[in-house]
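Please examine the sequence and the model shown below before reading on.

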Amino acid sequence: MMDEFASESDSDYTSYWRDWFISSRGNEYFCEIDEDYLTDRFNLTGLNTEVQYYQYALDLITDVFDLDCDDEMRETIEKSARHLYGLIHARYVVTTRGLAKMLDKYKKADFGKCPRVFCHSHPLLPMGQTDVPSQKAVKLYCVRCEDVYNPKSSRHAAIDGAYFGTSFHNIMFQVYPALVPPKSAERYIPRVYGFKVHASAALIRWQNGNRADMLRRLRKLEVESGFKDDVVEDDLDEEEEEDDLGADGAEGGGDAMHVQWDARQIGLPVLNGRGSRHGRSDIATIVQPYRPSGE
Ligand SMILES: [Zn+2]
């Protein structure tokens, strides 16, 4: 670990405190802030009121600390320095240099991998839910499923989310758009002995119908949808198969009734008729409110 970070250092200058800080256990999410960035007071505007013993803390971070003090005082300044480093870190990681350093770490999956099965171990990025310090702990963002997760280790779960901020992870993908994977429709479909579970099957059919409609409309307008075509087609094929089954067998008929009933239970728009289930006709059919089947 130490070696990895040592190779990242920006100059021949050895940064003792920062080296120690980023190589300490639990601080793996932090990158090393450049000496140049730390010594430019413009970058630190406003932070002097956020941190106790600001000047001593900054001196410690930049390795010019030479105050003769007792252990208790030293510990207080040390604590301030860690907090100050975090606050500066939030500003640094959205700079070009900071983004590049965090990108290196992202590529090595230093922040962990998405626990969602269909994300296939996609690397995560740290993020804050607020930019105000001491409010919320750091979370991990997966760009593939666009969801947020708790860090696995309790050491990481205790880090302040404001040390990364609410914008960093989004800026990363704006600056490096190639990092955003194509949208995937791959997802888990609950089944009981091979048969789709009713309520979720209704939801998935409704979503698939809507997506198919949207894709058709986008294609007509020649807008790139961002969805991988193959996955969507697979999904539609699967729906087609099930439809055939429904048309032939009594089992399918029963299933359709359950779907309507369950859809009402969970407050979903009900799909009227076979045609609209595929969204072949128009989107208005799909979002119609439920009416008893006698109508
Ligand atoms: Zn994911």
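Which residues of the largest nonpolar core touch the most other members? In this predicted model, they are A57, L84, V93 and L125, within a core of 39 residues. Several elements give two or more residues to this core: the helices α2 (16-23), α4 (54-61), α5 (71-92), α6 and α8, together with the strands β1 and β2. The greatest contribution comes from α5, which supplies seven residues.

The surroundings of L84 illustrate this packing in detail. When neighbours within four places in sequence are left aside, L84 is in contact with L47, V51, Y54, A57, L58 and I61. One of these partners, A57, is itself among the core residues that touch the most other members.

Of its 295 residues, 26% are buried. Among contacts between residues at least 6 apart in sequence, 58% join residues at least 24 apart.

The sheet may be considered next. Three strands form an open sheet in the order β1-β2-β3, and their pairing is antiparallel. The edge positions belong to β1 and β3, each of which pairs on one side only. From one strand to the next, the twist averages 40 degrees.

Both pairings of β2 can be followed residue by residue. Strand β1 (residues 125-127) is joined to β2 by three bridges, and P126 stands opposite L140 in this pairing. Three bridges likewise join β2 to β3 (residues 147-149), where Y141 stands opposite V148. The hairpin of β2 and β3 has four residues between the strands, and E146 takes a positive phi near 55 degrees there.

Are the faces of strand β2 covered or open? In a regular strand the side chains alternate between the two faces of the sheet. For β2 (residues 139-142), K139 and Y141 lie on one side and L140 and C142 on the other, and all four are buried. Both faces of this strand are therefore covered, because a residue counts as buried when 20 or more other C-beta atoms lie within 10 Å of its own.

Most residues other than glycine have a negative phi. H120, which is placed in this loop, has instead a positive phi near 50 degrees. S121 also belongs to the loop between α6 and β1, and its phi is near 60 degrees, again a positive value in a residue other than glycine.

How many other C-beta atoms lie within 10 Å of H120? There are 12, so H120 is exposed. S121 has 13 other C-beta atoms within 10 Å and is therefore partly exposed. The cut-off falls between these two counts, because a residue is exposed if 12 or fewer such atoms are present.

S167 lies between α7 (154-157) and α8 (168-175). It is partly exposed, because 15 other C-beta atoms lie within 10 Å. Although S167 and M127 are 40 residues apart along the chain, their C-alpha atoms are separated by 7.7 Å.

How values were computed. Residues numbered from 1 in each chain as written. Predicted model: local features only at pLDDT ≥ 70, side-chain atom pairs only at ≥ 80, totals over all residues. Pairing = 2+ DSSP bridges. Axes fitted to C-alpha atoms, helices over the stretch in contact; angles between N-to-C directions. Contact = placed C-beta atoms within 7 Å. Core = buried A, V, L, I, M, F, W, Y, C linked by C-beta atoms within 7 Å.
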